[in-house]
Amino acid sequence: MSVPAADTGLAEAEAAAEGGQPRRRGYASYVGFKVLGSIGSFFFMLVVNFFLFRVLPGDPARTLGRGRLSTPAQVEAFNKTYALGESIPRQFLTFLHNTFTGQLGISVEYHEPVSTLILHALWPTLLLVGSSTILATVIGVYLGIRGAWRRGGLFDRITTGSSLTLYAMPEWWLGLLLIAALGVGFWFIPGLFPTGGLHSPDVDPNSLHGVLDTMWHLALPVTTLTLAYLADFSLIMRSSLLDELGEDYLQTARAKGLRDIQVRNRHAVRNAMLPTTTIIALNIGFVVGGAITVETVFSIPGLGLLATNAIGVPDFWVLQGTFLVASAGVIVANLCANLIYGWIDPRVRT
Amino acid sequence: MTQTVKAVNAQSARQLTRQRRLAAWKRVWKQFRQRRSGMLGLGVLMFFVIVALAAPILSSSNGLDVTKANGPLLGPPSSRYWLGTDENGRSVLTLLIWGARISLFVGIVATLISMVLGTVLGLVSGYFGGWVGRITFRLTEWFLVIPFLPLAIVLASVLGPGLFNIVIVIGVTSWPGTALLIRSQTLSIKERAYIDRARAIGAGRWHQMSKHVLPNVMPMVFANTTLTVAIAILSETTLSFLGLGDPTRTSWGTMLDGAYHAGAITTGCWWYVVPPGVCVVLVVLAFTLIGQALEEILNPRLRAR
Amino acid sequence: MKTGRVVESSLCSQVREDGGVADGGQPLVRVGADDAVLSVGVRPSRRGRRRLGLTSRGPRGIATLSRRFRRVTGHGGHRTAGRLLVVVGLLLASLTPALALGAPASAKTKVVFHVAMLGESVDSLNPFVGIQSPSYEMWGLTYDYLVGYSMTDMSPEPDLATKWTTSSDGKTWTFTVRKGVKFSDGVPLTANDVAYTFNRVLHGKTEQASWISYLNGVTEITAPNATTVVMKLKQPSATLPLLPIPIVPEHVWKHVTEADVKTYSAAPSNGQPVVGEGPFRLVEGTANGDTFKFEANPDYWGGRPHVDEVIFQFYKNDDSAIQAMLKGEVDFVEGITALEVKHLQSQPGVTAHNGNSPGFEEIAFNTGSVDLKTGKPIGNPNPAMLDPKFRHALGYALNLPQLIQKVYQGAGLPGTTIVPPSYTKYHWEPPAGQKMTFDLAKAGQLLDAAGYKKGPDGLRTMPGGKPIGTLRLDARSDSPTSINAMDYFKSWLSQLGIKSQVSTPSSNQLTDIILKGNFDAFYWGWFVEPDPDNMLSYLTCGQRGNWSDSWFCNKQYDTLYREQHVQTDQAKREAEVKNMQQILYQQSPYLVTAYDATGEAVRSDHFACFVAQPNPGGVWLEQYGVYNYIHIKPASEAGNCHSATGGGKLHGAVAATKGGSSSSISVAFTVGGAVVVAAVLAVLGVMLMRRRATAGDRE
């Protein structure tokens, strides 16, 4: 699912490279430009966020406040907090003010501030997505390089084939299969791994035992996400390395008498890492989006589960809050990716 | 006499164009046939398309009606129910066959929406300079950074469950990638000499766009479409699994949702969990392989590899 | 969540605004009913089981718990698992002394009851704030009630109050508070704490929200001495002595001001358990957390429970919870599907059943939506729906046994009236002559007689000959049960010559549709409290636009409702309540289709002696009261469960069974951990080898 957005940096760089005039900037102005762009994105995202939740059918005090608002005074206070009785621009200003002061509303379900809920849910998600990303990066980059270097070989065909298959697979379905095979067990094989949660009921998560216990619980979800990311990363690494391998400078390098392996590691891979780095940086931005289904299937109490649980209520404040955090994450990651890219590769600073 | 000659000439000018395009497509097809992975994808896809179209022949739609189901609940495969039964006693195979229709339908219609939006916005932002182009480009970029799944979830919860809602949700959330691609193509085509020539002899913007730019970006749109269908089908499956699909229609996604909530994992009913997922993987893989093959053929940069 | 339906909650605002509890002008009747929803009673009807565990209205929110009973012996037994990975195993063992402690930790043998809760977590540990059903479970263990519920039919039973008397005019109630009860911090509980709690509810804005309905009509609560609580009422109340309000310690809560109570968490802090007088005290857990740990209160007045600790672990889906139970990590799972129950019944060491829970599901009709101010019709109900004869005839077109078998997978009972048969005193069972049974011919005759004759096209028409058109059957998109049930209804209607169409709005959308009157029929359910007063009130005229979802209004019914509400003669009240059900049955604003059942499973090789409430046939864990937490015993000590069944007065206690797969968690843990470590090592190893190879290339 991260695919369309994963091209951002690339597509943009490509578009810029192909279309724009080669008006190269200094890094400082590049940074300024990109930061401005991100602020623009952020603002746009706020606008979308604002309007999405104002088009809800019904009276907002009732829809958004649900059972929590029981007295006219409370309804009035609610309307005042969100400026609901006033004009749209006024409401928007209030919305901006609330957002920047961290008032993301009160959850209908838990009657706790949404910001608190999100803070609590952040850590499991970061743990899950972080470790999967690291694993997927290491393995994916390795597979990509090896595949591209011996293009068309048996190894390449196997890894490309399985990457494509993994890419075509809904990651939560893969998770279900893993649960069925390794969690529930089949035939005479017992289930070795827990099928959900982050730790066993009576284990202190801060002890060494607790840490190992958490690792044990994370084994299946991390495997699932790693395999899902891996597919993306290895395909991208492979194709960007193939791109590089066609370049003339490699011939020059070989002509200089460098060994294949040196050409590969010192030149080709280094350059091919650029787009891959971007994708990985971007991927981190998809922390929330990417893990929604996997967290649901494995009952990991993170942002994704928070969001899916909010669907059914529906707890619009929580949905709005997680959506906000998700988008903000992508924007920041996107900015970082662009800055790194621009720093390493001056060609894109157009 | 002269008139006929003129007519022939006039006709042949148009015919010529047509022939040239036809020849181009034939060339593409010829190259495509040489790609084993692409052909494999096409074969798999054809199979599912035929199954979807022939669904009424393959199994009666009565098999979808819970009130007419009389199989065992979550029964294992048997001679009567080749792929077992679901929690309502319906044949999983029947659901699978009819589910192909909905899954493909959602995938294709959502992609059409996304393609139209993406192509129009991509063309506009690439062809027009100035503020029109800049604004559409920024808009595309902004949409691109909105994380897809959360946005789709929010939209789907706001719109409510339903087949067309899910089509719309997927359609309006998946266009920015296409738009950027079309934009970059448009930018490069715009610089080509024949556009200048057309402009010099007085062709209007509409003419330039529709007669020159669009036909030239179409192949890329086409290749991109197949890739987008793959993503749209995956999205449909995921949204349905999250309970945002149309509960009254059977798609592979709603089947998996049903399986999950009926406890098929715990009770070991693999026949209800594995087949829908395999179908999704096969179809998505088929579209991806076709799209990749087309992209390699149509995109000169990739061809060079 | 607790309520059966969403609608209602949004409406409460209106209610409270005009009703207020003690507002003299309003008929008391209304008030009670309005607010009740926010309260306890209305646990969600769980059947709909919301997807993803969310559920609020439909399904279950309630959780389930499960326990694992692990006798922790001093030494860990995992080494055996090492096997092929001896090295890794040794590595792990040496690295992690703590690992070896997987089991033991404390030398003392603790009996821990692990409960797997499904669905939403506890929303607040503060009994004046929370509304989710799992929260009631937490309060129930922490605090105690003045009056409890019996196990057989949930009728009032002494709890903190040992007895109570009513004045002859029914306006003064005197409760005698049990002596020798202590809070978990050692402070004695007196009548002052009871009066304090009730007065908070009576006068505090926040506190009213959840609990005021139980005190409706009460004007004054005092504690003349340490063992007496006196309540004065404006008029007699039939719902007393039902008072399921958790009694909080005054010496703790007096520091929580009215302004602070909304945000007061009432959670353990600084390692100090929550102070309460219940059988357990909460030592760990916060709202919205996934683990809640209780330890037995040794000073509990009813005697020390047989388990030392109860741990609630929240799971978001059935699979995880059930797997955890099969592996022995938890001992109890609740809220699972009928098919899962069936599967679990074949597992060794597990006892599973579908327990009848006091709720029902129904097909509700639009009996005439009106604008309450002007009295003019609003919405667009099909005119046929407004005719009680038409609605009643449709009752003969419902094959309920088939519905239970197919749609409910056999769990549940065919429905009749809105008071479930569990409440034996209040339930009215239609006599054979009046009972609607599946009989399409009879349904046809009734429709013919009422003028809905078949036209030339085979479709029935209105008495005037106009076509009926297509009836709209609204199911809820989040409840597959409701969709399937409506599909069946549709097919039966078509056999009667009536066209219909099923649509699936979300629960939220349906709420709006109902309020606007834009519907013909919909499928939903209610959870019914032990006192049927609230449920009965939802069908009074005054509730239209509020809690009423069928827009039903019947003068005779309303009169009876008001009478029973202040009736002090129990026998008369029961007769009135039954009479009301009979009216509803004839008028058919609802066709009750099913009485819910809840799937529960217990590791009976770990714990035994669960007794169902209502008894027999009811649920084992999420009951009114906390009976089983106190009475269950480790399987090895269960015997014949004499004490749990009150010496045989209650039936069907879960007997201890032998040996399930006690694939102890620590073995699985070691094997699993070893596999993970091995995998990581393998990856690292491969990479190191590559590295070395690369280095070799360079040379």
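This is a predicted model: local features need pLDDT of at least 70, side-chain atom pairs count only at pLDDT 80 or more; totals for chains, interfaces and linings use all residues.
Q: What box do the C-alpha atoms of chain B fill?
A: Taken along the principal axes, the box is roughly 75 × 50 × 40 Å.

Q: Why is Thr85(B) called buried?
A: A residue is buried if 20 or more other C-beta atoms, placed from the backbone, lie within 10 Å of its own, exposed if 12 or fewer, and partly exposed in between. Thr85(B) has 27 C-beta neighbours inside 10 Å and therefore counts as buried. Of the 305 residues of chain B, 50% count as buried.

Q: Where is Thr85(B) placed in chain B, and with which residues is Thr85(B) in contact?
A: Thr85(B) lies in the loop between helix H3 (55–58) and helix H4 (92–127) of chain B. Two residues are in contact if their C-beta atoms, placed from the backbone, lie within 7 Å. Leaving aside neighbours within four places in sequence, the contacts of Thr85(B) include Gly71(B), Pro72(B), Arg90(B) and Val92(B). The C-alpha atoms of Thr85(B) and Ala24(B), 61 residues apart along the chain, are separated by 49 Å.

Q: What makes H4(B) roughly parallel to H12(B)?
A: The axes of H4(B) and helix H12 (residues 270–298) of chain B come within 11 Å and cross at roughly 25°. Axes are lines fitted to C-alpha atoms, for helices over the stretch in contact, and angles run from 0 to 180 degrees between N-to-C directions. Angles under 35 degrees count as roughly parallel, over 145 as roughly antiparallel, 65 to 115 as roughly perpendicular and the rest as oblique. The crossing angle therefore makes H4(B) roughly parallel to H12(B).

Q: Which residues make the contact of H4(B) and H12(B), and what are they by class?
A: H4(B) gives Val92(B), Leu96(B), Gly99(B) and Ala100(B), and H12(B) gives Trp271(B), Tyr272(B), Pro275(B), Pro276(B) and Cys279(B). By class, these are eight nonpolar, one polar and no charged residues. Ala, Val, Leu, Ile, Met, Phe, Trp, Tyr, Cys and Pro count as nonpolar, Asp, Glu, Lys and Arg as charged, and the others, Gly among them, as polar.

Q: How many residues do chain C and chain B give to their contact?
A: Chain C gives 25 residues and chain B gives 18 residues. On the side of chain C, the largest share, six residues, comes from H14(C). The residues on this side divide into eight nonpolar, 10 polar and seven charged.

Q: Why is strand S11 (residues 332–336) of chain C called mostly covered, and how does S11(C) pair with S17(C)?
A: Five of the five residues of S11(C) are buried. Two strands pair if DSSP finds at least two bridges between them. S11(C) and strand S17 (residues 590–603) of chain C have four bridges, in the antiparallel sense, with Glu334(C) opposite Glu600(C). Strand S1 (residues 112–118) of chain C runs parallel to S11(C) and is joined to it by two bridges, and Val115(C) stands opposite Phe332(C).

Technical notes. Residues are numbered from 1 along each chain as its sequence is written. Chains are lettered from A and ligands numbered from 1 in the order in which they are written.
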